[in-house]
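Welcome, and please take a moment with the sequence and the model below. We will walk through them together, one kind of link at a time.

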Amino acid sequence: MRISLMLAGFLLPLAAQAFNPTGLAFSHNDWQLACDNTGTCRAAGYHSDGGENLAVSVLLTRKAGPHTAVSGQVMLGEYGENPALAALPAQFKLSFKVNSKTIGQVAIDKGSLVADLSPEQVNALLLALPRHAAIEFAGKRDSWVVSDKGATAVLLKMDEYQGRIGTAGALARKGSLPESQVPAAAPVPTITRVAYAKAQAGDERFIPSNRKALVEALRATIKDEYCDELTADGAPDPELTAQRLSGTQMLVSTRCWLGAYNVGEGYWIVSHRPPFNPVLVSASISESGAEGLGESHKGRGLGDCWATRSFTWDGKQFRLTAASTTGMCRLIAPGGAWALPTVVTNVR
């Protein structure tokens, strides 16, 4: 009976896997991967950086679980003047070629420059990528070429994260294991947002009455994160702000760093009485409000790549409720090309 039950287990899908709660981010050469806490993975490939290559990116998305299909999209880059795009009509078609073989056409609207790939086109791409793939979107005059450098490593990492290595449905390392062995997707976590408590009498004196001890306590929490304006030798006394979080907790903040185009504020949960026991939420907060705390930072001054995170107060702690990037800095679009989340939640 025990053997029969064990064999039956090989024929049934595994229960939902507890994927990494902060997801996975990985890149190699011209490809990158973002997998979230539910198990969904997104792999993006780009044109070769440098030279006069026309900007383009493809996105491959696959949810966790057995027998899940891969979907694909393409985005043509438009950042500033682009004569190749300017010469095209409002709607146009490009031939999709993999290793010089045409796999149909892709219809693109000039307003979005994004188009879905057909299942046939996605399959042709997946068959070629683990070895060698010359990926081209060809028009009458110009061609947009996606590099395959790094694709094998990224697809292998996707298989690994989703528990597919050695299975029939793996993208980079197929095997004889049945698809039923692939872990199911994890549910999207639900986080309940709690409003900050109302100010109490005397809260306005919290900082002036405790400044020195507070600064020392905050400095002691800075280990892996960067907060130069608080910890640097000779740094002046920082300007602190505080607001009530709960009956016994305050939210204290100060500026940690200032860059050419980004700024980072440090936010701590502290006890409203000594010894304060501060807990650092993040030293890179750029936005705060009644809904919580957020980070939004450019990858570079051109603004073609961004990284964001959101933190929500649940009454006891600030929970990381969203984390995402817009992909590599490749001049695909102002504000970035894709949404590549590593953390997703439902906040209510």
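What follows is a tour from the overall chain to its disulfides, aromatic rings and salt bridges.

Please keep in mind that this is a predicted model, in which local features need pLDDT of at least 70, side-chain atom pairs count only at pLDDT 80 or more, and totals for chains, interfaces and linings use all residues. Residues are numbered from 1 along each chain as its sequence is written, and side-chain values use heavy atoms, with hydrogens and water left out.

Let us begin with the whole chain. It has six helices and 21 strands; helices (H or I, at least four residues) and strands (E, at least two) are DSSP runs, numbered from the N terminus. The C-alpha trace spans about 75 × 70 × 35 Å along its principal axes. Of the 348 residues, 45% count as buried, where buried means under 20% relative accessible area, exposed over 50%, and partly exposed in between (1.4 Å probe, protein chains only). The accessible surface comes to about 17,600 Å², and 53% of that belongs to carbon and sulfur atoms; such areas come from the Shrake-Rupley method with a 1.4 Å probe, and for residues only the protein chains shown count as cover. Among the contacts in the chain with a separation of 6 or more, 53% are between residues 24 or more positions apart; a contact means heavy atoms within 4.5 Å.

Now for the disulfides. A disulfide is a covalent bond between the sulfur atoms of two cysteines, and here the term is applied to a pair of cysteine sulfur atoms within 2.5 Å.

Another disulfide is formed by cysteine 227 and cysteine 256, whose sulfur atoms are 2.0 Å apart. The link of cysteine 227 and cysteine 256 is left-handed, with -80° about the S-S bond. Cysteine 227 lies in the loop between α5 (206–221) and α6 (228–231), while cysteine 256 lies in strand β13 (residues 249–258), so the pair ties together parts that are 29 residues apart in sequence. Cysteine 227 counts as buried at 1% relative accessibility, and cysteine 256 is buried with a relative accessible area of 0%.

Because glutamate 229 lies in helix α6 and arginine 255 in strand β13, the pair ties together parts that are 26 residues apart in sequence. Glutamate 229 is partly exposed at 28% relative accessible area, and arginine 255 is partly exposed at 35%.

The remaining disulfide to visit is that of cysteine 305 and cysteine 329, with sulfur atoms 1.9 Å apart. Cysteine 305 sits in the loop between β17 (292–298) and β18 (306–313), and cysteine 329 in the loop between β19 (318–325) and β20 (340–343), 24 residues apart. Cysteine 305 is buried, at 3% relative accessible area, whereas cysteine 329 is partly exposed, at 28%.

The loop between β19 and β20 holds arginine 330 too, and aspartate 30 lies in the loop between β1 (24–28) and β2 (31–35), 300 residues apart. Asp30, Asp49 and Arg330 are linked in a network of salt bridges.

Finally, turn to the rings. The structure holds five aromatic pairs; rings of Phe, Tyr and Trp (its six-membered ring) pair if their centres lie within 6.5 Å, and planes under 30 degrees apart count as stacked, over 60 as edge-to-face and the rest as tilted. One of them is the tilted pair of phenylalanine 96 and phenylalanine 137, 5.0 Å centre to centre with 40° between the planes. Both phenylalanine 96 and phenylalanine 137 are buried. Elsewhere, Tyr196, Trp313 and Phe318 form one aromatic cluster.

How values were computed. Salt bridge = Lys/Arg side-chain N within 4 Å of Asp/Glu carboxyl O.
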